[in-house]
Amino acid sequence: MKNRQSRLLALPFAFWSALFILVPLVMIFYYGLTTKTGQFTLDNFTAITQPEHIKALGLAILLSAVSTVICLVLAYPLAMILSKLGANQSALIVLIFILPMWMNFLLRTLAWQTLLEKTGVINSILRFLHLPALNIINTPQAIILGMVYNFLPFMVLPIYNALMKLDKDVIHAARDLGANSVQTFMKVIFPLTLPGVISGITMVFIPALTTFVISNLLGGSKILLIGNVIEQEFTQTNNWHLGSGLSLILMLFIILNMVLSAVFDRNGEGGMMG
Amino acid sequence: MSNKLIDLVNITKSYDNLVVLDDLNLYIRENEFLTLLGPSGCGKTTTLRLIGGFEQPDSGKILFDGDDITQLPPNQRQLNTVFQKYALFTHMTIAENIAFGLKLKGKSKSYIDDKIKYALKLVNLNGYENRMPDSLSGGQQQRIAIARAIVNEPKILLLDEPLGALDLKLRQDMQYELIRLKNELGITFVYVTHDQEEALTMSDTIVVMNQGYIQQVGTPEDIYNEPQNAFVADFIGDSNLIDAVMLEDRLVSFFDAKWPCVDEGFGNHVPVDVVIRPEDVVLCKPEEGIISGQVTHVIFKGVHYEMEVMAGGFEWLVHSTVMHPVGEPVGIFVDPFNIQIMHKPESEDEEVAYIEE
C-alpha cells in the first residue's frame with residue numbers, strides 16, 4: 001500500500017514530464033520526419049550535409065570545445081584554491097562566484113555586448129589611456145568569451161565538489177610514498193577528481209553547443225552557429241520541419257557526448273563496475 | 001641500548017591558539033615498537049603527523065638518525081605511513097597501489113613484481129593483484145595499506161590508529177599480525193591508539209599522553225604496574241584510586257588504617273595518590289583484613305568475578321576467581337608490593353611527568 005501511495009506522489013511530475021517533455025519530443029520527431037504536406041521524408045536530416053549547415057555545426061563544435069577547454073583550465077586551479085580554504089572563506093567565494101547567476105542570463109550577455117562594442121565601455125577606457133582599441137565584438141572570440149563567462153560556474157562547482165570529497169589522507173599517502181606535488185596531482189588528485197571534470201565538461205559543452213543567444217548578441221548576425229540556424233528555421237523561415245530535423249541531428253551529438261562522458265567516468269572510477 | 005632513530009626535541013605545536021603539543025621531548029629507538037597512547041585530543045596523532053612530515057612544528061626540531069628533518073617534505077623522508085582509513089588509491093588495482101612508491105623510485109619491472117608478490121604474501125593476500133580496493137573488506141584494505149607502505153623498505157612505519165575502523169575480532173587478529181610483521185621486517189613501528197589494551201598487547205614502549213604532555217614512558221609492565229600519576233593509573237586498566245597520606249617510608253595511611261608498602265622517599269605526612277589494581281585486592285575473613293566491609297555487587301566476567309566492596313567509605317573494585325555473595329562481610333588485604341604510591345599533581349597543568357630514562 002505504501003508503495004502505491006508513493007507512486008501517487010509522483011503523479012504530478014509524471015504528468016508534467018508527459019506534457020512538456022514527451023509531447024514536444026514526439027512533435028519534433030513528427031515535424032522532423034515529414035514535409036510541409038505531411039509526407040514522410042528524411043530530407044530534413046540529410047539537410048545537415050548542406051555546406052552552410054555543416055559549417056554552422058562545425059563552428060559550434062569548435063567554439064564550444066574551445067570554451068570548454070578554457071573553462072577547464074580556469075576552473076581546476078580555482079576549485080583547488082577553494083577546496084583548500086576554510087569552510088567560511090570558501091563559502092563566501094563560491095557565493096561571489098554564483099552571484100552573477102542570480103541575474104538573468106540574457107541581461108548578462110547584453111552587458112558584455114555593451115562592454116565590448118566599438119564605442120563601448122572597454123574601448124572608451126582604452127582610448128582614454130591612448131591604447132589601441134579592442135575589436136572583438138562580432139567575432140568568434142567574443143562568442144567564446146560569452147560562453148566562458150556564462151558557463152564557467154558549471155565547470156567550477158562539480159570539480160570543487162569532487163575535490164572536497166577527496167580524502168586528504170589519500171593525498172598524504174601519495175606524498176608519503178615518495179610523490180612530489182606535481183606527481184601527486186597527476187597520479188592521484190586529477191584521476192580521482194575525473195568524474196567531477198567529466199560532469200563539468202558535459203555541463204559546459206552541451207549548453208555551449210546549442211546556444212543561439214550568445215552568438216546572436218556577441219557574434220552579430222554574421223556568425224551562425226547551428227543553434228542560430230535552427231532558431232532561424234523556426235522564427236524567420238517558418239520551416240519547422242527543417243528546424244526539427246536539424247535539432248534531432250544536434251541531439252545526436254549531445255547523446256554522443258553523454259555516452260562518451262559515461263564511458264570515461266566509468267574508467268575514472270576504476271573497477272567499481274568490474 | 002640501540003641508538004635514537006627519531007628524536008623529537010622541544011616540539012611545540014598549536015592550531016588556532018589551541019596548544020596541542022607543549023615542549024614535547026621524545027626519542028624512538030631503532031627496532032622498537034613504540035605506541036603513543038592517550039584519549040582523543042591528547043596530541044598523539046599530531047605527534048605522528050609531525051614525524052611523517054604532514055605537519056610542521058611551531059618550534060623545536062625533529063632528528064632522524066641525527067639529521068634534522070624538520071623542514072623535509074614527506075616524500076623525502078625514509079619512513080612510510082599507514083592511515084586510519086586506509087587511504088588506498090581507489091582508481092588503481094591492488095598491484096598498482098603497492099607499486100606506487102616503487103615506480104616513483106624508478107625500480108625495474110621485475111623488481112616491482114617480486115616486491116608485490118612478497119608483500120602480498122606477507123599480509124596473507126596472495127593473488128589479489130588485480131582486484132580493486134573497493135572490492136576488499138576493511139581488514140583486507142588495511143593489510144594492503146600496510147603492504148603498500150612496507151615495500152618501500154622504510155626505516156620506520158608510522159601507524160595512525162590502523163585498527164580503529166575494524167571490528168573487535170578482526171582487531172585482535174590484526175594485533176598478532178602486526179607483531180609478526182614487526183618481527184619479520186625488523187623495522188621500527190610507531191603506533192598511535194586510544195585503546196589501552198591494544199597498546200599493552202603490542203608495544204615494547206608505551207608513551208602515555210594527555211593534553212599535549214607526555215605523562216609516562218615505559219614498558220607495558222611499567223605502565224600498568226607502576227603508573228606515575230593518577231591519570232595513567234586511571235587510563236590504563238581498571239583501578240582503585242585513593243587519596244592517602246604517606247606517614248613515613250614504607251607506611252601509608254588511608255581510610256583510617258595504616259598500610260605497609262614498599263615506597264620510600266616521599267617524606268613524612270605528605271598527601272599522595274594510591275592506586276591498587278582490582279586483581280590485587282585480596283578478600284579474606286573480616287578479622288584478618290586491614291579494613292573490613294561488605295560485598296555490594298557481583299558480576300560474572302568469565303575468567304573472574306567482578307565485585308564491589310563497600311569498605312572504609314569507599315567502593316572497592318575487586319577482581320577474583322573466588323566469588324563472595326552480595327551482603328557477605330569481608331576483610332580487605334593488599335600485599336605491600338601491590339600498593340602503588342604516586343605524587344599528587346600540584347595543579348592540572350602539572351600533571352606532567354618529565355621522564356628521561
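Me: What conventions apply here?
Reply: Local features of this predicted model need pLDDT of at least 70, side-chain atom pairs count only at pLDDT 80 or more, and totals for chains, interfaces and linings use all residues. Residues are numbered from 1 along each chain as its sequence is written, chains are lettered from A and ligands numbered from 1 in the order in which they are written, and side-chain values use heavy atoms, without hydrogens and water.

Me: In what order do the strands of the open sheet in chain B lie?
Reply: Strands are DSSP runs of E, at least two residues, numbered from the N terminus, and two strands pair if DSSP finds at least two bridges between them. Here the 5 strands follow the order S15-S19-S16-S17-S18 with antiparallel pairing. Strand S15 (281–284) and strand S18 (314–320) of chain B are the edge strands, each pairing on one side only.

Me: How many bridges join S17(B) to S18(B)?
Reply: These antiparallel strands share 7 bridges, and B:Glu308 stands opposite B:Leu317 in S18(B). The two strands form a hairpin with 2 residues between them, and B:Gly312 in the turn has a positive phi of about 65°.

Me: Is S18(B) largely enclosed or open?
Reply: Buried means under 20% relative accessible area (1.4 Å probe, protein chains only). Because 6 of the 7 residues of S18(B) are buried, this strand is largely enclosed by the rest of the structure.

Me: Which residues line the largest cavity?
Reply: A cavity is a set of points on a 1 Å grid over the protein atoms alone where a 1.4 Å probe fits but cannot get out; lining residues have an atom within 4 Å of a point. Here they are B:Leu48, B:Arg49, B:Phe54, B:Thr81, B:Phe83, B:Leu158 and B:Asp160.

Technical notes
Helices (H or I, at least four residues) and strands (E, at least two) are DSSP runs, numbered from the N terminus. Buried means under 20% relative accessible area, exposed over 50%, partly exposed in between (1.4 Å probe, protein chains only). On a 1 Å grid over the protein atoms alone, a cavity is a set of points where a 1.4 Å probe fits but cannot get out, and a pocket is an open set with protein on both sides within 12 Å along at least five of seven lines; lining residues have an atom within 4 Å of a point.
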